[in-house]
Amino acid sequence: MKIESTGAKRGALYRRRQLLRLGGALGLCTLGSAVFAQVTRPQVSIKRDLDMLHLHTTEQIDLIFSVDQQYLPPALGKLDYFLRDHYSNDVGRMDPRLYDFMYQIRRDTGGRRAFEIISGYRSPVTNEHLRTSRGGGVARRSLHMDGQAIDLRLPGVPLA
């Protein structure tokens, strides 16, 4: 059994209180600086957009599809419709990662003009018709049917 004097107990208690106060003060300083940093630092949203012309329908679209790495569902719906099967008007669900890739291509190449869309979504019926009537070049299980392929051009950017 350990016996401590009341003076030693008071000293230990005093030190604990001081440490708790110091820890609380440091926490408030850290919280305060984080709040200050958020208040004083301007928040810049990263908006990703696409500009396209569909060569078969002659429709054009120019919209923001993502803000701060979050896709915008209304914009994705408009893009699904824009990239519909132009033979049957069937609308498929396109993979939004294609839009990320297109956005990056435009940035990397410095392209200034609208993407020219040749083909987006293809229904299985359209895909089979094209496969059997075009003398090749259309895959039996094309990624166009899964909304994972777009045939396009970016005018003003050399293929090399």
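Analyst: Start with the elements: helices (H or I, at least four residues) and strands (E, at least two) are DSSP runs, numbered from the N terminus. By that assignment, leucine 55 lies in the loop between E1 and E2. The model is predicted, so local features need pLDDT of at least 70 and side-chain atom pairs count only at pLDDT 80 or more, while totals for chains, interfaces and linings use all residues. Residues are numbered from 1 along each chain as its sequence is written, and side-chain values use heavy atoms, with hydrogens and water left out.

User: Why is leucine 55 called partly exposed?

Analyst: Buried means under 20% relative accessible area, exposed over 50%, and partly exposed in between (1.4 Å probe, protein chains only). Leucine 55 has 33%. That value falls in between, so leucine 55 is partly exposed.

User: What does leucine 55 touch?

Analyst: Contact means heavy atoms within 4.5 Å. Leaving out residues up to four places away in sequence, leucine 55 touches Glu116, Ile117, Ile118 and Arg153. Leucine 55 and glutamate 116 are 61 residues apart in sequence, and their C-alpha atoms are 6.3 Å apart.

User: How do you know that E1 and E2 pair?

Analyst: Two strands pair if DSSP finds at least two bridges between them. E1 and E2 have seven, in the antiparallel sense, so they pair. Lysine 47 stands opposite valine 67 in E2. The two strands form a hairpin with five residues between them, and threonine 58 in the turn has a positive phi of about 60°.

User: What makes E2 and E3 count as paired?

Analyst: E2 and E3 have two bridges, antiparallel. The criterion is at least two, so they pair. Serine 66 stands opposite tyrosine 71 in E3.

User: Why are E3 and E5 edge strands?

Analyst: The open sheet has five strands in the order E3-E2-E1-E4-E5, with mixed pairing. E3 and E5 each have a single partner strand, so one side of each is left without a neighbour in the sheet. H2 packs on this sheet, touching E1, E2, E3 and E4.

User: What makes a set of residues a nonpolar core?

Analyst: The members are buried Ala, Val, Leu, Ile, Met, Phe, Trp, Tyr and Cys residues joined through side-chain atoms within 4.5 Å. The largest such core here has 20 residues. Leu50, Met52, Phe65, Tyr99, Met102, Ile117 and Ile150 touch the most other members. E1, E2, H2, H3 and E4 each supply at least two residues of this core. Beyond four places in sequence, isoleucine 150 touches residues including Tyr99, Met102 and Ile117.

Note on methods. Axes fitted to C-alpha atoms, helices over the stretch in contact; angles between N-to-C directions.
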